[in-house]
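User: I am new to this structure. Please take me through its main features, one question at a time.

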Amino acid sequence: GNWRDIFQNLEALCASFPELLVGFITVFVDASTPVGFNPYRITRSGIDWEVPDPDDPWSGIGYWGDHQIVYLLRLLEASERFHPGRLAGSLSERLFSYANVPYRIAPYEELVRNPKSTIHYDEAAAAVSLERVERLGGDGRLLLDEAGEVLLVTLAEKLVVPVLAKLSNFVPGGGIWLNTERPEWNDANNALVGYGLSMVTLYQLRRYLDHLRQLVRSAGGGRVPMSTEVTQWLTAITAALAGSAPQSPISDRDRKALMDALGGAFSDYRSRVYASGFSGSTDVPVSDLVKLCDIAIEHLDATIRVNRRPDGLYHSYNLVRFESDGTSAAVEHLFEMLEGQVAILDSGVLSAEERADVIDALFSSAMYRADQDLSLIHI
């Protein structure tokens, strides 16, 4: 009862004070990095990251994507519910910053070669940030422009970058590749990092893409300013997806070919941004953002179809296995997990009848505890 009261009070506050929701969204997106991940935490001093410690093997993990898509989606949906059109009118406003976390993700080829060692701490970049903090306070941990001011980008860009990061790690038929050592923190599957694939994130991404598509469409036609390198990344990911017809099922060779195109595009983007930051801004047609959402949804839907289990449930997490010659990538399924059922029911993909079928399958699954009547209690 107490939690229900708290949430009801929060909803009442959001309905009465539109700036409260905008503030939540601003804090959330300001903390994301140019490569689409999050820092370790936010304190009263600003963003923070883990610093490697030779006496602490857990100290240098680096990146977080802690339910990143689904949390942001809930904020966006709440804004639209309480204040329709507010965010659509703000997509082109340059109000948002990037967290400048001094960890560097390895090139794509190295990710494939050794998915369990994929990032390193950039000591030089960290030293520069500390010097900037002395002069600027917490803003010194943010990405700065050539004039030494905090770089500000549009809401459209900040909403698209996490999508591009997830799509760059899309494994057709398998899910979103968890390949940056701590990218999708979850209680059940921390050990999967390296070869783990998250269908949970894919289900959440599918709903996010549908919401983003509606949001940018409601803004009307025209163009939105985005950093030039992000625009190039967007173009490359759209072209890679458009150049590969959605397949269910898909062959191991075709899967790896699309992974190479997506992962290579992200790798090229990272190398440019790590080396030189952003070079300027480009006006992107809103239709390009809609096109990305349309094509990505087709691919995600094809993967969702092949991840329906024979028992009527849906896979939650999978594993990817690479052939030594680099020509193919196979997907191995894991056992059933409740997390995937919650995510697929919430994805917006299933009809009412299909949702009922998933719930019926839960009652017949090994996850159901008849003695405690547990499984659906978490949904």
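## Strands and their partners

Analyst: Strand E9 (residues 196–198) pairs with E12 in the antiparallel sense, over three bridges. The model is a predicted one.

User: In E12, which residue is the bridge partner of Leu197?

Analyst: E9 and E12 are an antiparallel pair. Within E12, the bridge partner of Leu197 is Asn318.

User: Over how many bridges do E12 and strand E13 pair?

Analyst: E13 covers residues 329–333. Val331 in E13 stands opposite Val320. E12 and E13 pair in the antiparallel sense, and the number of bridges is five.

User: Which residue takes a positive phi in the hairpin of E12 and E13?

Analyst: Most residues other than glycine have a negative phi. The hairpin has six residues between the strands. The positive phi there, near 75 degrees, belongs to Gly326.

## Helix H7

User: How far apart are the end C-alpha atoms of helix H7?

Analyst: H7 has 20 residues, 199–218. At 1.5 Å a residue, H7 should span 28 Å. The model agrees, because the end C-alpha atoms are apart by 29 Å.

User: How many residues of H7 are buried?

Analyst: H7 is largely enclosed by the rest of the structure. That follows from the count of buried residues among its 20, which is 15.

User: At the start of H7, which residue's side-chain oxygen reaches the backbone nitrogen of Val200?

Analyst: The oxygen comes to within 3.4 Å of that nitrogen. A polar contact needs N or O atoms within 3.5 Å. The side chain belongs to Ser198.

User: Which residue with a positive phi follows H7?

Analyst: Its phi is near 85 degrees. The residue that follows H7 is Gly220.

User: How many cavities of 30 Å³ or more does a search of the whole structure find?

Analyst: Rolling a probe the size of a water molecule over the atoms shows where empty space is left. The second largest cavity holds about 60 Å³. The search finds cavities of 30 Å³ or more to the number of five.

User: Which helix gives the most to the lining of the second largest cavity?

Analyst: The lining includes Phe170, Pro246, Leu258 and His299. It divides into seven nonpolar residues, four polar and no charged. The greatest contribution is three residues, from helix H10 (residues 286–306).

User: What is the volume of the largest pocket?

Analyst: The largest pocket is lined by 27 residues, with Leu143, Leu144, Val273, Ser276 and Gly277 nearest its centre. Strand E4 (103–105), helix H5 (123–136) and helix H9 (252–276) are the elements that each give two or more residues to this lining. The lining divides into 16 nonpolar, seven polar and four charged residues. The volume of the pocket is about 560 Å³.

## Two places in the chain

User: What separation lies between the C-alpha atoms of Glu298 and Pro246?

Analyst: Glu298 is in helix H10 and is partly exposed, with a relative accessible area of 47%. Along the chain, Glu298 and Pro246 are 52 residues apart. Their C-alpha atoms are separated by 6.5 Å.

User: Is the peptide bond from Ser248 to Pro249 cis or trans?

Analyst: Most peptide bonds are trans. Pro249 is in the loop between helix H8 (228–242) and H9. Omega from Ser248 to Pro249 is near 5 degrees, and the bond is cis.

Conventions:
Residues numbered from 1 in each chain as written. Predicted model: local features only at pLDDT ≥ 70, side-chain atom pairs only at ≥ 80, totals over all residues. Heavy atoms only, no water. 1 Å grid on protein atoms, 1.4 Å probe; cavity = no way out; pocket = protein on both sides within 12 Å on 5 of 7 lines; lining within 4 Å. Points joined across faces, edges and corners; volume = space filled by probe spheres on them. Helix = DSSP H or I, 4+ residues; strand = E, 2+ residues; numbered from the N terminus. Nonpolar A, V, L, I, M, F, W, Y, C, P; charged D, E, K, R; others polar. Expected span 1.5 Å × (residues − 1). Buried < 20%, exposed > 50% of the residue type's maximum accessible area, 1.4 Å probe, protein only. Polar contact = N/O pair within 3.5 Å; in protein donor to acceptor, adjacent residues only side chain to side chain. Pairing = 2+ DSSP bridges.
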